[in-house]
Structure formats: C-alpha cells, structure tokens
Amino acid sequence: MTKKDIIRLLENIAVYMELSLENPFKVSAYRKAAQSLETDPRSLSEIDKFDNIKGIGKGTNDVIVEYVETGKSSVLDELKESVPAGLVQMTKISTLGPKKIVKIYKALEIDTLEGLKNACENEEISALPGFGKKTEQNISKAIDDILTRPERYAINQVLRFRDLVEQYLEESGHVVRFDVAGSARRMKETSRDIDYILIVEDVEGFTKNILEQEFVTETVASGDKKLSIIIQDDMQDINVDFRFVTEEEYYSTLHHFTGSKDHNVKMRQIAKDRNEKISEYGVESNGETLTFDSEEAFYNHFELDFIPPAMRETGEETNLDIGEIVTLDDIKGDIHMHTVYSDGAFSVREMVEACIEKGYEYIVITDHSKSLRVANGLDEKRLTAQIKEIRQINAEYDEIDVYSGTEMDILKDGTLDYSDDMLKELDYVIAAIHSSFQQTEEEIMHRLECACRNPYVRHIAHPTGRLIGRREGYPVDMVRLMELARETNTVLEVNANPMRLDINADAMRHQDIKLTVNTDAHHTDHLDFMKYGVATLQKGFVKKDQVINTMTREEFREYINKQK
DNA sequence: GCCGTTTTCGGCCCGACTGTTTTCAGTCG
C-alpha cells in the first residue's frame with residue numbers, strides 16, 4: 001500500500017458522499033484530507049501520526065488507520081451499499097452534478113451511462129420536474145463528449161491549441177490585451193481546458209466575431225463577463241474560456257483565474273488574517289476595493305514576493321524564500337543542443353548566433369554519438385572534425401563561449417559509445433539512454449550507474465526518457481539515481497522540451513542535487529523551450545545555485561577546465 | 001469533517017451563467 005492508495009480512498013469516499021447528498025463541507029473535508037496527504041513530502045512509512053497533518057482530524061484519521069491496518073474501509077463499504085457504482089460514472093458528465101444525478105436515479109432508477117443516454121433519447125428526462133428539453137440535450141451531448149474527448153491534454157497539444165487562439169486574438173483587432181491563465185499559464189504537464197483573461201472594447205462584437213471563426217465548433221456559455229467555447233484542431237477539441245475584465249480588475253482577475261485553487265485558498269487565508277478579502281475583482285480592505293497594476297504589486301500588498309505561476313500549486317509556496325528559486329533570467333547558457341552534424345536543422349554557426357541573440361554567455365554543442373544511426377550520430381572522425389570547427393568558431397565570437405560536447409548513447413549493456421580517449425578531447429560530455437526502453441529497472445539502473453561512474457560524463461540527459469502523453473519512458477529508480485548523482489558528482493537534466501520535462505517536480509522538491517535545464521534544441525525555435533524547463537524546476541522549488549547553467553561565463557569556464 | 005491568537009461553535013469563496021422557473025437551484029471554476 002502506498003500514499004496514493006489512501007488518497008484514492010479518501011477521494012472515492014468524497015464522491016460517494018456527494019452522491020449521498022452529504023453536507024458539502026464534510027465532502028470537501030475528505031477531499032482536503034486527501035490533498036494534505038498528497039502535499040506532505042513524506043512517504044507512507046515515514047508518517048507516524050496522520051492526524052498531526054493539517055487537514056486530517058479524528059474522522060479521516062480513523063478511516064486512514066483502518067485502511068492501512070486492514071486494507072478495507074467500512075465507511076466506503078457502507079456508502080457503496082446505498083449508492084450504485086454507476087452514479088459515480090455519471091459525475092463525469094459536465095452540467096450534471098450530484099443533485100441532478102440523484103433526482104434522476106430516484107425518479108427513474110437509472111444507474112448507468114447507457115441507461116441515461118437511452119432515457120434522454122426516449123425524452124424521459126425532460127418529463128421530470130425541474131428538467132427541460134435543453135437539459136436533456138445537454139446531458140445527451142455531454143455523454144457523447146466523455147466517450148470521445150480525452151480528459152486532459154498534454155502540454156504540447158495545449159500549445160498547438162494556444163497558437164490557434166492567440167494568433168486570432170492578436171490579429172482580430174478586438175482585443176486590447178490578453179493573457180492565458182489557468183493550468184496552461186502554470187505550465188502544468190496536462191490541462192483540461194484553456195483560460196484567457198482579456199480586455200476587449202466591445203464584448204458583443206468580439207463574441208460575434210470569434211464565434212464565426214472556423215476553429216470554433218460550439219458555444220458552451222456566453223455572457224457579459226465570460227465566454228466559453230469548444231475549439232477544434234485537426235481531430236481534437238478542447239474547451240476555451242474567456243473572461244472579459246476592465247483595466248483596473250485585470251491583474252486581480254488574472255491572479256484569480258491562474259489559480260491553482262489551493263493557491264487561491266491559501267492567499268485568501270492570508271488576506272483574511274489581515275481583515276481583508278480577495279475576490280477576482282480586487283482586494284477588499286477597510287470597505288474599499290484595491291486594485292493593482294501588476295501581479296507583483298498584488299503579492300507585495302500581502303508582503304510576499306512575486307510567485308511565478310508555475311509554483312502556484314499547493315499554497316506551500318507562499319512560505320518559501322522565493323528569491324532563491326531559479327528564474328528564466330538566471331539561465332546563462334544552454335548546454336544541450338544539436339546541429340546538422342546529427343539530426344538538428346541548423347549549422348553550428350547558426351545555433352551560436354541564435355544563442356547570442358538570446359543573450360547567452362556560453363553554449364555547448366552536443367550532437368548524437370555513432371550508435372544512434374537514425375539521428376546520423378557522429379563517429380570519431382566526424383566528431384574530431386566538429387571539435388575543430390567549434391574551436392574555430394569559438395575564436396571568432398567575443399560575446400559567447402562555444403564548447404564542444406556530445407550527447408553520447410549509453411548502450412544496452414552499460415558501455416559508452418565513445419572511448420575515454422575520445423571523451424577527453426571534448427569539453428563536455430552528456431550521456432543518455434535512447435535504446436532498449438523495455439529493459440528491467442535493474443538493467444536500466446546498471447546503465448545509468450555506468451554512465452555516472454565514468455569520469456568524463458558530467459550530465460545525464462532526459463533521465464526518464466518519457467514523452468508526455470505519448471510514452472511512459474523506461475523504468476528508473478529516481479531516488480537511487482539521485483543518490484548516484486550526488487555520489488559521483490553527476491548533474492541531472494530537466495529537459496525543457498514540453499514533450500519531456502523530466503524530472504518530475506515532486507522528485508526534485510527539497511533534494512540537494514545538482515541539476516541543469518536545457519532545451520535539447522534541434523531547431524533555433526526550440527531554444528525558446530527554456531521557459532518550460534525553468535517552470536518545471538520552479539515546481540520542484542529548485543534554487544538557482546543548484547542549477548549549473550546559472551553559472552556566469554567565468555564560473556562555467558572554470559567548471560569545464562576542472563575535472564568532474 | 002476540520003479548524004481555532006475573535007477558539008469548542010459556527011463558518012467553511014463566491015460570482016457567472018444556464019435553464020427552468022416566475023425568483024432561484026444547480027453547476028462550474
């Protein structure tokens with residue numbers, strides 16, 4: 001049994017209680033208990049008393065203890081006797097909450113999605129008191145949607161949707177200002193929907209115009225303050241919400257709809273302790289509503305530093321010394337990128353100039369090694385030629401240091417793709433796994449250990465190999481890898497490509513290990529991915545001195561010249 | 001069910017929107 005099992009139990013109980021029409025505050029107490037357990041940094045075996053955790057009291061403690069000791073929960077079992085399991089399925093139907101579900105169940109004894117769909121088609125739902133034609137249609141449609149629409153979209157897909165919308169917003173002529181909010185702004189790995197805050201001169205005109213756009217397939221809700229639509233890109237569709245605000249409200253509303261929910265709850269507590277009240281329109285203080293001309297000013301009002309959106313999750317972030325947390329401005333170089341030598345789209349020189357443009361003080365060119373044939377990996381001869389070219393180019397540019405490196409394959413049996421004699425010719429060596437993902441955790445860990453123990457390997461690229469929403473990655477014992485990294489002075493990479501973003505923030509949090517964040521760019525445009533990597537570090541509360549590419553040009557040169 | 005420097009009861013975020021009503025309940029975020 002793990003913490004996850006207990007969290008699932010508590011959330012399960014909350015859903016069943018909701019369908020028993022329990023006191024909503026009791027229901028949310030169970031959800032809160034689950035959340036508190038999730039936020040607690042300790043593993044199950046490290047927690048000795050659950051009710052010492054804020055949010056877990058006598059009631060939920062008893063439930064947890066019974067479950068840990070017996071593997072059963074009498075509370076859940078009792079609930080299950082009075083609530084049919086099919087009703088839990090129905091909670092996924094948007095526009096349908098517990099009250100309506102129970103009404104339908106009591107009146108028609110419907111307890112499956114199929115049964116509900118049939119009842120809609122037979123017009124049984126619209127015949128019930130309090131239900132009408134429109135509600136019946138909405139339920140029927142929502143059932144179709146949950147059968148066809150994914151629950152959450154990977155960040156990469158979200159970015160494609162955002163491009164579509166934001167290009168329109170920029171070019172429509174109706175929009176004075178806009179920002180994305182919600183989980184997309186917090187750069188979560190996945191999002192359910194996309195939220196925007198905007199100032200438009202004429203809400204009606206804007207609404208009419210956007211609804212005529214080809215990418216809009218449906219209007220969910222439309223009013224003075226908000227518009228909710230479904231947009232489509234190729235085969236997928238997603239819900240997009242727009243909030244119309246005034247100039248004065250802008251940053252209060254942006255903060256409110258950036259969330260997370262728990263962050264907002266924490267901020268409201270902080271406000272309440274000062275006899276103030278936060279709403280989406282501003283801060284009520286001594287009978288007047290204060291507004292702000294930046295989010296920073298909003299936080300400063302509560303004597304807090306600006307909290308980057310990526311960090312706004314549990315509320316815990318309000319207690320941190322934000323000044324030590326890494327930001328995009330702290331990143332002085334990108335030390336993992338590709339060129340036409342292997343599978344990149346641009347030459348060494350083009351990558352160098354793009355990085356100068358970004359203001360970097362140093363970069364490392366790290367093309368693939370010889371075994372990665374699909375990526376045109378470099379054999380020793382080509383690598384030697386590339387080292388020579390990099391040395392020449394480096395001599396030509398004063399504004400940046402250009403180092404020669406490699407992203408070298410760690411082969412199936414743990415051997416490395418180049419000999420130590422080759423590696424010592426390079427300024428910087430990255431090692432990575434690109435093959436045999438189906439190996440056991442033991443085999444994978446053996447490979448990673450071999451790489452960490454090599455005196456020339458400075459860093460392990462994308463240590464989990466996952467592609468968000470596409471493939472799981474290979475099996476890694478992250479705790480063990482961090483121990484190895486600490487022991488061998490090896491740096492672990494957070495890969496900033498929005499498809500990757502390994503390492504998971506929870507794994508990094510409060511860990512004292514050296515990290516690096518890099519774009520792994522195969523194209524000059526990919527250099528902009530850095531913000532997603534930095535966001536991932538921020539989620540892990542990583543301090544800037546833990547991240548090696550925050551070093552200054554001189555510090556990094558010293559680091560290169562020193563043995564690992 | 002949980003919490004508490006206004007503490008053992010009373011509050012727990014609350015405003016926007018929809019749909020079914022004829023003033024408001026339900027849902028969502």
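A cavity here is a set of points, on a 1 Å grid over the protein atoms alone, where a 1.4 Å probe fits but cannot get out, and its lining residues have an atom within 4 Å of a point. This is a predicted model, where local features need pLDDT of at least 70, side-chain atom pairs count only at pLDDT 80 or more, and totals for chains, interfaces and linings use all residues. Residues are numbered from 1 along each chain as its sequence is written, chains are lettered from A and ligands numbered from 1 in the order in which they are written, and side-chain values use heavy atoms, leaving out hydrogens and water.

So what turns up inside? Among the residues lining the largest cavity are Ile 155, Arg 162, Met 187 and Tyr 532. Helix 9 gives the most to this lining, with four residues. (Helices are DSSP runs of H or I with at least four residues, strands are runs of E with at least two, and both are numbered from the N terminus.)

Now for the DNA. A residue is near a strand of it if one of its heavy atoms lies within 4 Å. Of the 39 residues around DNA strand B, those that come nearest are Gly 55, Thr 60, Gly 97, Gly 132 and Tyr 281. Of the DNA strand B atoms within 4 Å of the protein, 80% belong to sugar or phosphate, and the rest to bases.

| Residue | Protein atom | Distance to phosphate oxygen |
|---|---|---|
| Gly 132 | backbone N or O | 2.7 Å |
| Thr 135 | polar side-chain atom | 2.8 Å |
| Tyr 281 | side-chain N or O | 2.5 Å |

Three strands make an open sheet in the order 8-9-10, with antiparallel pairing. Strands count as paired if DSSP finds at least two bridges between them. Strand 8 (277–279) and strand 10 (288–290) are at the edges with a single partner strand each, so one side of each has no neighbour in the sheet. Three bridges join strand 8 to strand 9 (residues 282–285), and Ser 279 sits opposite Gly 282 in strand 9.

Technical notes: A polar contact is a pair of N or O atoms within 3.5 Å; within protein, one must be able to donate a hydrogen and the other to accept it, and residues adjacent in sequence count only if both atoms are side-chain atoms. On a 1 Å grid over the protein atoms alone, a cavity is a set of points where a 1.4 Å probe fits but cannot get out, and a pocket is an open set with protein on both sides within 12 Å along at least five of seven lines; lining residues have an atom within 4 Å of a point.
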